[in-house]
Amino acid sequence: MAQVKAIPEGMHSITPHLVIDGAADAIAFYKRAFGAVEAGRMAGPDGKLMHAMLRIGDSPLMLVDEFPQWGSVGPKTLKGSPVTIHLYVEDADAVFAQALAAGATVKMPLQDMFWGDRYGVLDDPFGHHWSIATHVRDVSPEEMQKAAQQGCSDAAKA
């Protein structure tokens with residue numbers, strides 16, 4: 001008998017699992033915004049999604065509809081989310097523009113950051129936050145610390 005893998009093929013140790021009011025609509029959005037590929041979905045008797053699996057780049061993303069009776073609610077019901085999903089891409093500008101065209105809104109505009117990434121943050125129409133980044137230059141920990149301290153000093157002066 002074959003040994004079952006503890007972490008299934010194609011999965012990572014950590015995989016985001018989003019609760020969404022309107023999971024089927026979110027799947028369509030993630031396809032348009034981030035080029036997601038749907039790997040499968042399972043609907044319950046009422047048509048709500050009990051489970052869906054997407055892939056964005058090399059990473060899996062699970063999602064499910066809200067089921068308040070089970071304590072499973074999304075950021076719209078909670079009136080916000082403390083979580084940001086970070087997405088590294090080859091071209092942050094192109095993906096940012098693509099997500100905006102699909103219906104995302106800007107939370108923080110794209111800019112070159114002191115840690116070496118071109119980085120910005122979007123909110124999707126379902127209340128989830130997405131940081132989009134492309135690594136554009138390598139920065140030593142010392143350079144990063146110095147730039148962070150300088151940024152804090154500049155902000156305090158403003």
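Me: How many helices and strands does the protein have, and in which pattern do they follow along the sequence?
Reply: This is a predicted model, in which local features need pLDDT of at least 70, side-chain atom pairs count only at pLDDT 80 or more, and totals for chains, interfaces and linings use all residues. Residues are numbered from 1 along each chain as its sequence is written, and side-chain values use heavy atoms, with hydrogens and water left out. Helices (DSSP runs of H or I, at least four residues) and strands (runs of E, at least two) are numbered from the N terminus. On that basis there are 4 helices and 8 strands, and the pattern reads β-α-β-β-β-α-β-α-β-β-β-α.

Me: What share of the residues in the protein is buried?
Reply: The C-alpha trace spans about 60 × 45 × 30 Å along its principal axes. Buried means under 20% relative accessible area, exposed over 50%, and partly exposed in between, with a 1.4 Å probe and protein chains only. Of the 158 residues, the buried share is 36%.

Me: Which residue follows α1 with a positive phi?
Reply: The residue that comes after α1 has a phi near 70 degrees, and it is Gly35.

Me: Is Leu61 buried or exposed, and which residues does it touch?
Reply: Leu61 belongs to strand β4, residues 59-65. Its relative accessibility is 3%, so Leu61 counts as buried. Leaving aside residues up to four places away in sequence, Leu61 touches Thr15, Pro16, Leu18, Tyr30, Ala52, Met53, Leu54, Ile56 and Trp130.

Me: Is Lys79 buried or exposed?
Reply: Lys79 sits in the loop between α2 (75-78) and β5 (84-88). Although Lys79 is not a glycine, its phi is positive, at about 65 degrees. With a relative accessible area of 76%, Lys79 is exposed.

Me: How far apart in space are Met113 and Met144?
Reply: Met113 is located in the loop between β6 (105-112) and β7 (117-123), and at 14% relative accessibility it counts as buried. Beyond residues up to four places away in sequence, Met113 touches Met108, Tyr119 and Arg137. Met113 and Met144 are 31 residues apart in sequence, whereas their C-alpha to C-alpha distance is 9.7 Å.

Me: Which residues does Thr134 touch?
Reply: Thr134 is part of strand β8, residues 129-135. Its relative accessible area of 12% makes Thr134 buried. Not counting residues up to four places away in sequence, the residues touched by Thr134 are Tyr88, Val89, Glu90, Asp91, Ala92, Gly116, Asp117 and Arg118.

Definitions and conventions
Contact = heavy atoms within 4.5 Å.
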